[in-house]
Amino acid sequence: MMVRLRFRLNHEDVEIHVRDPASTLLDVLRDDLGLTGTKSGCAIGYCGACTVIVDGEAVPACLRMVGLLEGREVRTIEDLGGPEGLDPVQAAFVKCAGLQCGFCTPGHVMALRALLDEEPEPDDERIRRTVDGNYCRCTGYVKILDAAREAVALQKAVAVRNSRAGAATSPEGRRR
Ligand code: FES
Ligand code: FES
């Protein structure tokens with residue numbers, strides 16, 4: 001018997017039917033929904049390659065039973081960037097060359113996205129703790145940490161630009 005589940009995925013309502021509600025979110029994203037940006041590494045919650053955001057919190061999709069997602073809000077790497085441009089975290093990884101093979105990158109990006117959504121200006125200790133939760137076999141972490149710090153700066157610049165644009169188009173701004 002199939003079980004029906006409804007939740008929000010990347011800002012859209014989705015309804016899926018799964019045979020086993022104990023299937024992992026990782027398997028459902030990749031195999032049933034075709035969202036292969038979320039990577040499968042250790043499958044035991046250790047490496048962070050499968051990091052997604054559920055209700056604002058970065059979590060390993062390999063440990064989330066899909067049956068517990070009813071009514072939840074899920075964001076994956078496919079939610080970031082797009083034709084209008086990259087998310088500041090993605091842009092920072094490109095700018096700082098914070099990747100080599102790229103396998104761990106979606107997990108890093110999602111973990112940092114969750115951090116910056118919660119705390120736009122995290123201190124270095126929080127940045128390090130966040131990056132520490134994701135395993136990278138290639139880079140040695142120096143450039144990933146550079147990218148994480150750059151993401152904070154880029155996000156801040158975007159916020160300033162948006163607030164200036166908002167002020168310019170407000171009734172007060174237009175009168176100036
Ligand atoms: S694949 Fe999920 S934490 Fe490694
Ligand atoms: S860039 Fe290859 S595993 Fe991190």
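**Notes on the predicted model**

1. The secondary structure of the protein chain comes to six helices and five strands, in what should be read throughout as a predicted model. Followed along the sequence, these elements give the pattern β-β-α-β-β-β-α-α-α-α-α, and the C-alpha trace spans about 65 × 45 × 25 Å along its principal axes.

2. The domain assignment divides the protein chain into domain 1, covering 1–79, and domain 2, covering 80–170. The contact between them draws on 17 residues from domain 1 and 15 residues from domain 2. Taken over C-alpha atoms, the centres of domain 1 and domain 2 are separated by 22 Å.

3. How much area is buried between domain 1 and domain 2? The value is about 1300 Å², and carbon and sulfur atoms give 63% of that area.

4. As to polar terms across this interface, the count between domain 1 and domain 2 is five residue pairs in polar contact, with both residues of a pair at pLDDT 80 or more. On the side of domain 1 that touches domain 2, the residues divide into six nonpolar, seven polar and four charged. One salt bridge is found across the interface of domain 1 and domain 2.

5. For the structure as a whole, the salt bridge count comes to 14. Among them is the pair of E121 and K156, whose closest N and O atoms are 3.6 Å apart. This pair links distant parts of the chain, since E121 sits in the loop between α3 (105–118) and α4 whereas K156 belongs to helix α5, 35 residues apart.

6. The structure holds one aromatic pair. The ring centres of Y46 and Y135 lie 6.4 Å apart and the ring planes meet at 40°, so the pair is tilted. Y46 is placed in the loop between α1 (25–32) and β3 (51–54), and Y135 in the loop between α4 (124–132) and α5 (142–169), so that the pair links distant parts of the chain, 89 residues apart.

7. A further local feature concerns T24, which lies in the loop between β2 (12–18) and α1. A polar atom of the T24 side chain lies 3.0 Å from the backbone nitrogen of D27. Which residues does T24 contact, leaving aside its neighbours within four places in sequence? With those neighbours excluded, T24 is in contact with A61, C62, R64 and V66.

Methods:
Residues numbered from 1 in each chain as written. Chains lettered and ligands numbered in written order. Predicted model: local features only at pLDDT ≥ 70, side-chain atom pairs only at ≥ 80, totals over all residues. Heavy atoms only, no water. Domains from an automatic or database assignment. Contact = heavy atoms within 4.5 Å. Buried area = accessible area lost by both parts, 1.4 Å probe. Salt bridge = Lys/Arg side-chain N within 4 Å of Asp/Glu carboxyl O. Polar contact = N/O pair within 3.5 Å; in protein donor to acceptor, adjacent residues only side chain to side chain. Nonpolar A, V, L, I, M, F, W, Y, C, P; charged D, E, K, R; others polar. Phe/Tyr/Trp six-rings, centres within 6.5 Å; stacked < 30°, edge-to-face > 60°. Helix = DSSP H or I, 4+ residues; strand = E, 2+ residues; numbered from the N terminus.
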